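With the model open in your viewer, follow this short tour, making each selection in turn before moving to the next.

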Amino acid sequence: MWSHKKAHKPEDQIPWECEHCHKVYPNKRSYKRHKQVHLGVKHECEVCHKKLSSKQHLKLHMLTHSKEKPLVCTVCNKGFKRKDYLNEHMRIHTGDRPYKCDICDKGFTQKQALNTHVLSHTKQKPYQCLICADRFITRTLVRYHLKSHHGLNAKQVDQPQFSYFDDNV
């Protein structure tokens, strides 16, 4: 709490703008943390050697290597590694759908679900089967296609070569 209160000092309430990307931060602490991205400061994961731009990002990343799920939904007892994942999950119980499609006004609980939905309006299919060149809206649909149309098993489908993303769509 002390650390959080410190981030809200009255003299620190002016917006801080990054001179590199012009993102604006509400306080000096957030701004300084962001600047590490541009300074090339990297924090390396000891498990997979992924390089992250801040200690906080590394701390969140380390949760991906743990089976621990310390945060529990009070409604259904499902466990989560991160508070933002739990908050997102709670929308299932509350019915909150903050991400709205600009085209049809359909609401979604997750931003990624909205992004995928928008592709259905634009008719873009960025994921391609490398065996037959059929195209799909999501990687999950490519995986299903590989299993049902090409007879691949789950282990084969998990190979990276079967998750091709085409930036030129």
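## A buried histidine

Begin by selecting His117, which is buried, its relative accessible area being 14%. The model is a predicted one, and in it His117 sits in helix α5. Show the side chains of His117 and His121 together, and you will find a polar contact between the two, at 3.0 Å.

Is Thr109 buried or exposed? Thr109 counts as buried because its relative accessible area is 18%, which falls under the 20% cut-off. To see what surrounds Thr109, select Glu88, Arg91, Asp96, Arg97, Pro98 and Tyr99, all of which Thr109 touches when residues up to four places away in sequence are not counted. Then draw a C-alpha to C-alpha distance from Thr109 to Met90, a pair separated by 19 residues in sequence and by 9.2 Å in space.

## The annotated spans

Finally, colour the chain by the UniProt record, an unreviewed entry, which lists "domain: C2H2-type" for residues 16-43, 43-70, 71-98, 99-126 and 127-154. Within residues 43-70 the chain is 29% helix and 14% strand, with 24 Å between the end C-alpha atoms. Select residues 71-98 after that, where the chain is 43% helix and 14% strand and the end C-alpha atoms are 22 Å apart.

Technical notes:
Residues numbered from 1 in each chain as written. Predicted model: local features only at pLDDT ≥ 70, side-chain atom pairs only at ≥ 80, totals over all residues. Heavy atoms only, no water. UniProt positions renumbered as here; feature names shortened; annotations may be inferred. Helix = DSSP H or I, 4+ residues; strand = E, 2+ residues; numbered from the N terminus. Buried < 20%, exposed > 50% of the residue type's maximum accessible area, 1.4 Å probe, protein only. Contact = heavy atoms within 4.5 Å. Polar contact = N/O pair within 3.5 Å; in protein donor to acceptor, adjacent residues only side chain to side chain.
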